[in-house]
Amino acid sequence: MVHAVVIGAGIVGAAAAVELLRDGHRVTILDPGDPGGEQAASYGNGTLLNPSSVIPMSSPGLWRKVPGWLADPLGPLAIRWTYLPRLLPWLSRFLRAGATEARMAATAQALQPLLADAPERHRRLAEEAGVGELITRQGVLFVFPTRADFEAEALAWRLRRENGVHWLELSDDELRQREPTLSRRYTFGVLVEENGQCRDPGAYVAALVQHAVGLGARLLRDKAIGFRLEGTGLRAVRTTVGEIEADRAVIAAGARSHLLAAEVGDRVPLETERGYHAVIAEPGIAPRYPLMPSDGKMACVMTPQGLRLAGQVELAGLEAAPNWRRAGVLRDFARRVFPDLPADLPVDKVKVWMGHRPSTPDGLPCIGPASGCPDVVHAFGHGHVGLTAGAATARLVADLVGGRPPSIQLAPYSAARFRR
Ligand SMILES: Cc1cc2nc3c(=O)[nH]c(=O)nc-3n(C[C@H](O)[C@H](O)[C@H](O)COP(=O)(O)OP(=O)(O)OC[C@H]3O[C@@H](n4cnc5c(N)ncnc54)[C@H](O)[C@@H]3O)c2cc1C
């Protein structure tokens, strides 16, 4: 048995804590914020548990779109001008990561094992924590104005198929029968039945941490600032209020993880892909499926709080103030998806949020021992798929801490890849 300090109580840290406790370790969880609270990306995301999310953001020819990202601050992907100089090294790596089909295919293949069984893995974790009802598996509906719009994404869907994703194609009529709330603008649909949803990710993470505490974990509301090492061995995690002696540490601090990784020998180019949501309370409609409209680049999902519209990518760093007009774009687009939504939503019926996706430029997380101290395990950088991949990542963390051969090949997730 070792004492492991888990830094960060988002989905990755919370699930890792449970897995470590199950293996019989002593666990301390460190987070200055509330577990599952609004400071974490894990709170406000699109709620989707999609094994089909193997497609990285970067694709061939994407560099042509960069001027548009700079010109339109409300577009689905936007770069703030003032942030561009700092962003350039990450951006150039990002564009190169998807510059060829072969690179995209390699990324998809590397993501596949982290995502494949996600709904089932999360169902088991949620049941263990007493909130099994939060995980549902009714499939996710991708909707397109026309079949041609689906065909325009042929590369992405081919890569999904090559990675074991199956789907049902739905005609106009079938779409209407499956999802009566949907606008008639959409005439073609794809139902990925194996995809799932976590209806309330904030509540789920909070329940996992509460479960971990019930199993004996200590929860401290402090911020980690570094490590005390002896040679390459870990002795303690340093926090703003002192040290916590530790045999192992897990860096699961989301978009701030690179600051800690640098302390143990790994300079990881981690960016925040800022995303937004708007939640419409009592929307007056109840879509049967979680929906992804191809022209909206957003998730439209029912949650206990109402209809959540989540998406957008804004590259503007960790500190800049949110641009709430972006959440307004999501809210307004929802009426194009669901025409029966009320036209004038009272302000108090719409709650907005901004959060930080922890994103590496190549779309793959960092999972594995730190270069300068193998007692410290990286578990961050999951970008757009961290909720989904959190469960498999947590298991890998427990394998590494327990000295077991990991069930998934870790080479693609090594932080050392950024030294090249
Ligand atoms: C709009 C949006 C939509 C998304 N949709 C989906 C989706 O549908 N499906 C999906 O799989 N993923 C989705 N994602 C991505 C997903 O939310 C993230 O990848 C995931 O939540 C990251 O989890 P995490 O545990 O690594 O980080 P976080 O959830 O951000 O948690 C990190 C925690 O670390 C704490 N912390 C930070 N620094 C320190 C420190 N120094 N010491 C101690 N604690 C610290 C923070 O307070 C925070 O609580 C979406 C993200 C966004 C923004």
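Two strands count as paired here if DSSP finds at least two bridges between them. Keep that in mind for a first stop in this model, which is a predicted one. Strand β11, residues 224-230, and strand β12, residues 233-239, run antiparallel to each other and are joined over 6 bridges. Across that pairing, leucine 229 sits opposite leucine 234 of β12. The two strands form a hairpin with 2 residues between them, and glycine 231 there has a positive phi near 65°.

Follow β12 along and you get to threonine 239, which is part of that strand. Is threonine 239 buried or exposed? Its relative accessible area is 7%, and the cut-off for buried is under 20%, so threonine 239 counts as buried.

Now for the ligand. There are 37 residues around it, and those that come nearest are Asp31, Ser42, Gly46, Gly383 and Thr388. Three of these are worth a look at the atom level. Aspartate 31 places a polar side-chain atom 2.6 Å from a ligand oxygen. Serine 42 also uses its side chain, with an N or O atom 2.5 Å from an oxygen atom of the ligand. Glycine 46 works from the backbone instead: a polar atom there is 2.8 Å from a nitrogen atom of the ligand. How much of the ligand's accessible area does the protein cover? On its own the ligand has 1,000 Å² of it, and the protein covers 94%.

Which elements give two or more residues to that shell? They are helices α1 (11-22), α2 (41-44) and α13 (386-402), along with strands β15 (271-280) and β19 (350-359). The largest share belongs to β19, with 4 residues. By residue type, the shell splits into 17 nonpolar, 15 polar and 5 charged.

Lysine 297 is not a glycine, yet its phi is positive, at about 45°. You'll find lysine 297 in the loop between β16 (291-293) and β17 (298-303). With 52% relative accessibility against a cut-off of over 50%, lysine 297 counts as exposed. Glutamine 312 is another residue other than glycine with a positive phi, this one near 75°. Glutamine 312, though, is located in a strand, β18, which spans residues 306-315. Its relative accessible area is 6%, so glutamine 312 is buried.

Last stop: serine 58, in the loop between β3 (48-49) and α3 (66-71). Serine 58 has a relative accessible area of 4%, and so it is buried despite its place in a loop. What does its side chain meet in there? A polar atom of the serine 58 side chain lies 2.5 Å from the backbone oxygen of phenylalanine 94. Setting aside residues up to four places away in sequence, serine 58 touches Phe94 itself, plus Leu95, Ala97, Gly98 and Met104.

Conventions: Residues are numbered from 1 along each chain as its sequence is written. This is a predicted model: local features need pLDDT of at least 70, side-chain atom pairs count only at pLDDT 80 or more; totals for chains, interfaces and linings use all residues. Side-chain values use heavy atoms; hydrogens and water are left out. A residue is near a molecule or strand if one of its heavy atoms lies within 4 Å of it. A polar contact is a pair of N or O atoms within 3.5 Å; within protein, one must be able to donate a hydrogen and the other to accept it, and residues adjacent in sequence count only if both atoms are side-chain atoms. Accessible areas come from the Shrake-Rupley method with a 1.4 Å probe; for residues, only the protein chains shown count as cover. Ala, Val, Leu, Ile, Met, Phe, Trp, Tyr, Cys and Pro count as nonpolar, Asp, Glu, Lys and Arg as charged, and the others, Gly among them, as polar. Buried means under 20% relative accessible area, exposed over 50%, partly exposed in between (1.4 Å probe, protein chains only). Contact means heavy atoms within 4.5 Å.
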